[in-house]
Amino acid sequence: MTKTKQVLIAWLRDAHAMEQTSVDTLDRLAERLARFPELALKFREHWRESMTQVEDIETCLKNLGSDTSTFKDIARRFLGITQAYAVELIPDEVVKDCLTAYTSRHFEIATYTSLGAAALALEEPAVARMCEEHLQQERAMANWLEQQIPEVTLEYLRP
């Protein structure tokens, strides 16, 4: 296996860990924000998309003759859990949750943009297609969140 293929596999493993963290975080957000039905519903929908993204990445890794990185998955999930519980202690948690989710979507957009470029350069069209599909989903969620942030902020400020 070439060094560049090893890098692609390492980045796919990173993306897998990232999506596993997202799955955990979105699940907790949907539960915690039940008093905001529209937010909870959208977070639950994106949770389902993220579950599929995890499976897609696993398929790409398998097709490249690899598997996921248990260590990276555990480390990222631990960080995600820690972050989720830290936000619960903040009085304006709904605003912070939306800001964090928005930031996370943009990190995922950047990840899939880079990973997709690498896949094209390494002539891995299946990985490139997967990245493009995930990019569309993440951009849609980020755009939706961007539209929600002002209203969530104003709702929090209301007496």
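Reader: What is the mean pLDDT of the protein chain?

Author: pLDDT is the predictor's confidence in each residue, from 0 to 100. Here the mean for the protein chain is 88, and 85% of its residues reach 70 or more. This is a predicted model, in which local features need pLDDT of at least 70, side-chain atom pairs count only at pLDDT 80 or more, and totals for chains, interfaces and linings use all residues. Residues are numbered from 1 along each chain as its sequence is written, and side-chain values use heavy atoms, with hydrogens and water left out.

Reader: Where in the protein chain is confidence lowest, and where is it highest?

Author: Start with the general idea. Where pLDDT is low, the predicted coordinates should not be read in detail. In this chain, the lowest confidence is in helix H3 (residues 70–88), with a mean of 51. The highest is in helix H5 (residues 125–157), at 97.

Reader: How many helices and strands are there in the protein chain?

Author: Helices (H or I, at least four residues) and strands (E, at least two) are DSSP runs, numbered from the N terminus. The protein chain has 5 helices and 0 strands. Along the sequence the pattern is α-α-α-α-α.

Reader: How do I read the packing of two helices?

Author: Two packed helices are described by the angle between their axes and the distance between the axes. Axes are lines fitted to C-alpha atoms, for helices over the stretch in contact, and angles run from 0 to 180 degrees between N-to-C directions. Take helix H1 (residues 3–32) and helix H2 (residues 37–63). Their axes come within 8 Å and cross at roughly 160°. H1 and H2 are therefore roughly antiparallel. Angles under 35 degrees count as roughly parallel, over 145 as roughly antiparallel, 65 to 115 as roughly perpendicular and the rest as oblique.

Reader: What is the handedness of the crossing of H1 and H2?

Author: A crossing is left-handed if the near helix is turned anticlockwise from the far one by less than a right angle, and right-handed if clockwise. H1 and H2 cross in the left-handed way. By class, their contact has 15 nonpolar, 6 polar and 6 charged residues. Ala, Val, Leu, Ile, Met, Phe, Trp, Tyr, Cys and Pro count as nonpolar, Asp, Glu, Lys and Arg as charged, and the others, Gly among them, as polar.

Reader: At what angle do H1 and H4 pack?

Author: The angle between H1 and helix H4 (residues 93–121) is about 160°, and their axes are 11 Å apart. That makes H1 roughly antiparallel to H4. This crossing is left-handed. Contact means heavy atoms within 4.5 Å. On the H1 side, the residues include Leu 8, Trp 11 and Glu 19. On the H4 side, they include Arg 105, Glu 108 and Tyr 112. The class count for H1 with H4 is 13 nonpolar, 3 polar and 6 charged residues.

Reader: And at what angle do H2 and H4 pack?

Author: H2 and H4 pack at about 25°, with axes 13 Å apart. That makes H2 roughly parallel to H4. Their crossing is left-handed. Among the residues in contact are Phe 43, His 46 and Gln 53 of H2, with Cys 98 and Arg 105 of H4. By class, this contact has 7 nonpolar, 2 polar and 2 charged residues.

Reader: Is Glu 138 buried or exposed?

Author: Buried means under 20% relative accessible area, exposed over 50%, partly exposed in between (1.4 Å probe, protein chains only). Glu 138 lies in helix H5. Its relative accessible area is 0%, so Glu 138 is buried. Leaving out residues up to four places away in sequence, Glu 138 touches Glu 19, His 46, Gln 53, Arg 105, Glu 108, Ile 109 and Tyr 112. Across the 159 residues of the protein chain, 43% count as buried.

Reader: What is the relative accessible area of Glu 45?

Author: It is 33%, so Glu 45 is partly exposed. Glu 45 is found in helix H2. Its C-alpha atom is separated by 9.3 Å from that of Ala 30, 15 residues apart along the chain.

Reader: Which residues does Trp 47 touch?

Author: Trp 47 is in helix H2. Not counting residues up to four places away in sequence, Trp 47 touches Val 23, Leu 26 and Asp 27.

Reader: What is phi of Glu 123?

Author: Most residues other than glycine have a negative phi. Phi of Glu 123 is near 55°, a positive value. Glu 123 lies in the loop between H4 and H5. Glu 123 counts as exposed, at 69% relative accessibility.
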